[in-house]
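Please look over the chain shown here, and read the briefing that follows alongside it.

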Amino acid sequence: MAMLNNKKLVDTIQDYVMISLGLASYAFGFTAFVLPEKVVTGGVTGLSSLLYFAFGWNVALTYYLINAALLAVAYRTVGRQFVIRTIIGATLATLFIGVMQPFFTAPIVAQQPFMNIIIGAIFCGVGIGTVFIHNGSSAGTDIVAAMVTKYTTISFGRMMLYLDLVIISSSFILFHSIDKIVYGLIFMIINSLVTDMVINNNRQSVQFLIFSENWEAIANAVNTEARRGCTLLHGTGWYSKRDVKILLVICRKLESVTVLRIIKRTDPGAFISQANVSSVYGQGFDEVKVRAAKPKASPAPHLVESHSPDKPDETREHREHDD
C-alpha cells in the first residue's frame, strides 16, 4: 500500500511539473510571438487580448478574473475536480503570462507577422497538448463549452469553435483589418493541429501480428531484448489446413524498430502485420485518467412490477388466492 501511495505521489508531482512546462510554453508562444503582432486568438486569452488592446487592461490579470468568474458560474455544472484543475491551470498561466509579457514589447521576428503567428501557434499547441496529456486544464472557454454541452445537443468541439470564431472576428471592431482576423484563424488551425499531434504521438502504439515457424525464439527475444510481452494465439491456415502459431505484440511506436529487427534476425521469411494503435491502457502503457461512472441506484424491490406477456402476473394471482 505504501509503495502504491509513493508511486501515486511521484506521478502527481511529475504531472504538475509537466503541466507547468506546458503552460510556460503556451505563455511564451503567446507573449513573444502573438501578442506583439496585435493578433487576437480564441479562448479567454483572445478575449483578454481584446480588452488589453481596447482599454489597456493587464492581460494576465484579466485572464485570471475572467476564468474565476466563469468558474463561479459553472461550479455546479462542471464538477469539483474540473474546477480544481482549472484553478491550478489558470493560476500558472496567469503567472507565466504576467512575468513574460514585459520582456517582449516587439515581435521576435521583425516585420514577419505570418512567421510569428506560425511559431507562436506551435509553442502554444505543444504547451496545450502537454497539459492535456498530464490531465491538466488550460481553463478558458472550455468552461463555457462544458456548460453549454451539458444542457444542449451541441458538441463540445463545435461549441469551442463557435466561441473562438466570435472572439477572433471581434478584433475587426478595434483594428478594422481583415488581415488580423486571417492571422487569428491561422493561429487557431495550427494550434489545434499541433495540440492533436502532441496528444496522439504520446499515446500512439504499434500492434504486431507475427506468423512464424520460429515463434518461440521471437517471443523470447521480444521479452528479453525489447522488454515487451507477447501473447500466443492459435489459428488455422485455411488454405493449408495447418495449425499455426501467431504472436501478438503491442509496443510503443519508438520500440517498433527493435521488434522488427528481432523478427528479421530470427526469421527473415516471417509474415508480419503491423498496425498503429491510437491508445493503449494498462500495465506498461498509459493509465486511464477518467472517473468511473457511478452506478445508478436500483428501485426498491417492492416498487418493481413484473408484467411479462409470457408470464402470468404472479402478484395478481396471489391476491386473488388470498381473497
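Is Phe 123 buried, exposed or partly exposed? Phe 123 is partly exposed, with a relative accessible area of 32%, where buried means under 20%, exposed over 50% and partly exposed in between, for a 1.4 Å probe and protein chains only. The model is predicted, so that local features need pLDDT of at least 70 and side-chain atom pairs count only at pLDDT 80 or more, while totals for chains, interfaces and linings use all residues. Residues are numbered from 1 along each chain as its sequence is written, and side-chain values use heavy atoms, with hydrogens and water left out.

**Confidence**
- The protein chain has a mean pLDDT (the predictor's confidence in each residue, from 0 to 100) of 80, and 76% of its residues reach 70 or more.

**Aromatic rings**
- Rings of Phe, Tyr and Trp (its six-membered ring) pair if their centres lie within 6.5 Å, with planes under 30 degrees apart counted as stacked, over 60 as edge-to-face and the rest as tilted; by this rule there are eight aromatic pairs.
- The ring centres of Phe 33 and Phe 123 are 5.9 Å apart and their planes are at 10 degrees, so this pair is stacked.
- Phe 33 is buried, with a relative accessible area of 5%.
- Ring pairs join Phe 28, Phe 33, Phe 104 and Phe 123 in a cluster.

**Charges over rings**
- With NZ of Lys or CZ of Arg required within 6 Å of the ring centre and within 35 degrees of the ring normal, Lys 180 lies over the face of Phe 175 at 5.7 Å from the ring centre, and Lys 241 over that of Trp 238 at 4.7 Å.
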